[in-house]
Amino acid sequence: MAEPKSKIESVREWVVDHKLRTVGCLWLSGIAGSIAYNWSQPGMKTSVKIIHARLHAQALTLAALAGAAAVEYYDHRNRTKPDPYAKFLPVDGYSRKE
C-alpha cells in the first residue's frame, strides 16, 4: 500500500505544477506587504513609498524566479515520471500538416 504524501511533498508537487502561479502570488503578497510596511513609515512621500514597494516586489520576484528555476533543475535531474511534453511531440520525429 502506498504511503501518504507529507505536507511538504504535496506543497512541492503543487509548486512544480504551478510555477508561474506561485511566482505571481509571491509577487502580489510581496508588494502588498511592502506597501503596508511603507505606509506605516511616517515622513516619507507617497511616491517614495510606491517606489520602495516596487523595488521590494521586484527583488522578491527575481528570488522567486530563481527558486522556480532551481525546482525545475532539480526535477529534471531526478525525474521519476514520464516526460510531460511527450504528448505534444510528433511520433515519427517530424511534424507534417496535410
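This is a predicted model: local features need pLDDT of at least 70, side-chain atom pairs count only at pLDDT 80 or more; totals for chains, interfaces and linings use all residues.
Which helix does S34 lie in?

**View 1. The chain is built from helices, without strands.** The chain holds three helices and zero strands. Read from the N terminus, the order of elements is α-α-α. Buried residues account for 13% of the 98 residues. Take the contacts between residues at least 6 apart in sequence: 49% of them join residues at least 24 apart.

**View 2. Helix α1 packs against helix α2.** Helix α1 covers residues 7-17, and helix α2 covers residues 19-39. Their axes lie 5 Å apart and meet at an angle of about 100°. An angle from 65 to 115 degrees counts as roughly perpendicular, so α1 and α2 are roughly perpendicular to each other. On the α1 side, the contact is made by W14, V15, V16 and D17. On the α2 side, K19, R21 and T22 take part. Sorted by class, this contact has three nonpolar residues, one polar residue and three charged residues.

**View 3. S34 is a buried residue of helix α2.** S34 lies in helix α2, which answers the opening question. Its relative accessible area is 6%. Buried means under 20%, so S34 counts as buried. Setting aside residues up to four places away in sequence, S34 touches H52, A53 and H56.

**View 4. A64 is a buried residue of helix α3.** Helix α3 spans residues 46-77, and A64 lies in it. Is A64 buried or exposed? A64 is buried, because its relative accessible area is 12%. Which residues does A64 contact, leaving aside neighbours within four places in sequence? The partners are V23 and L26.

**View 5. K49 lies over the face of W39.** How far is K49 from the ring centre of W39? The distance is 5.2 Å. Aromatic pairs are another matter. In general, a pair of aromatic rings is described by the distance of the centres and the angle of the planes. A search of the whole structure finds zero aromatic pairs.

How values were computed. Residues are numbered from 1 along each chain as its sequence is written. Side-chain values use heavy atoms; hydrogens and water are left out. Rings of Phe, Tyr and Trp (its six-membered ring) pair if their centres lie within 6.5 Å; planes under 30 degrees apart count as stacked, over 60 as edge-to-face and the rest as tilted. A charge sits over a ring if NZ of Lys or CZ of Arg is within 6 Å of the ring centre and within 35 degrees of the ring normal. Axes are lines fitted to C-alpha atoms, for helices over the stretch in contact, and angles run from 0 to 180 degrees between N-to-C directions. Helices (H or I, at least four residues) and strands (E, at least two) are DSSP runs, numbered from the N terminus. Angles under 35 degrees count as roughly parallel, over 145 as roughly antiparallel, 65 to 115 as roughly perpendicular and the rest as oblique. Contact means heavy atoms within 4.5 Å. Ala, Val, Leu, Ile, Met, Phe, Trp, Tyr, Cys and Pro count as nonpolar, Asp, Glu, Lys and Arg as charged, and the others, Gly among them, as polar. Buried means under 20% relative accessible area, exposed over 50%, partly exposed in between (1.4 Å probe, protein chains only).
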